[in-house]
Amino acid sequence: MNTTKKDLVNEISERTGLAQVETKKIIECFLDSVARSLIEGNNIEIRGFGRFKIRNRSGYKARNPRTGESIEIGAGKKPVFEPSKELRKVLNA
């Protein structure tokens with residue numbers, strides 16, 4: 001089962017007592033800040049949780065499964081999340 005943004009809004013709203021509208025704005029601002037920082041090339045570290053960073057991906061050749069045609073995939077950037085040691089311990093407990 002996946003957790004959606006709506007699920008996060010509901011849970012945080014219940015735990016904090018804030019209205020869902022306010023909670024949704026806070027979550028959207030947080031996600032926008034993370035995205036903007038990554039676009040600017042900055043890593044984001046949240047102690048005890050993990051790190052968001054950008055990895056450069058080199059180009060490669062791929063094959064279209066329907067036609068079998070070979071295509072070139074260009075180089076690009078890929079967002080990556082690396083969990084902290086604390087989060088890994090909790091997940092594996």
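**Strand pairing and a helix crossing**

User: Let's start with strand β2, residues 50–57. How many bridges join strand β2 to β5, and which way do the two run?

Analyst: Eight bridges join them, and the two strands run antiparallel. Bear in mind that this is a predicted model. As one example of a position along the pair, G50 stands opposite P83 in β5.

User: Okay, and what is the order of the strands in the open sheet?

Analyst: The sheet has three strands, ordered β1-β2-β5, and the pairing is antiparallel. At the edges sit β1 (44–46) and β5 (76–83), each of which pairs on one side only. Ignoring direction, neighbouring strands in this sheet are turned by 25° against each other on average.

User: Now the helices. How do I read two packed helices?

Analyst: In general, you describe two packed helices by the angle between their axes and the distance between those axes. Here, helix α1 (residues 5–16) and helix α2 (residues 20–39) have axes that come within 9 Å and cross at roughly 125°. That angle makes α1 oblique to α2.

User: Is the crossing of α1 and α2 left-handed or right-handed?

Analyst: The α1 and α2 crossing is right-handed.

User: Which residues of α1 and α2 make the contact?

Analyst: On the α1 side you'll find K5, L8, V9, N10, I12 and S13, while α2 brings in Q20, T23, K24, I27, E28 and L31.

Note on methods
Residues numbered from 1 in each chain as written. Predicted model: local features only at pLDDT ≥ 70, side-chain atom pairs only at ≥ 80, totals over all residues. Heavy atoms only, no water. Pairing = 2+ DSSP bridges. Helix = DSSP H or I, 4+ residues; strand = E, 2+ residues; numbered from the N terminus. Axes fitted to C-alpha atoms, helices over the stretch in contact; angles between N-to-C directions. Parallel < 35°, antiparallel > 145°, perpendicular 65-115°, else oblique. Left-handed = near helix turned anticlockwise from the far one by under 90°. Contact = heavy atoms within 4.5 Å.
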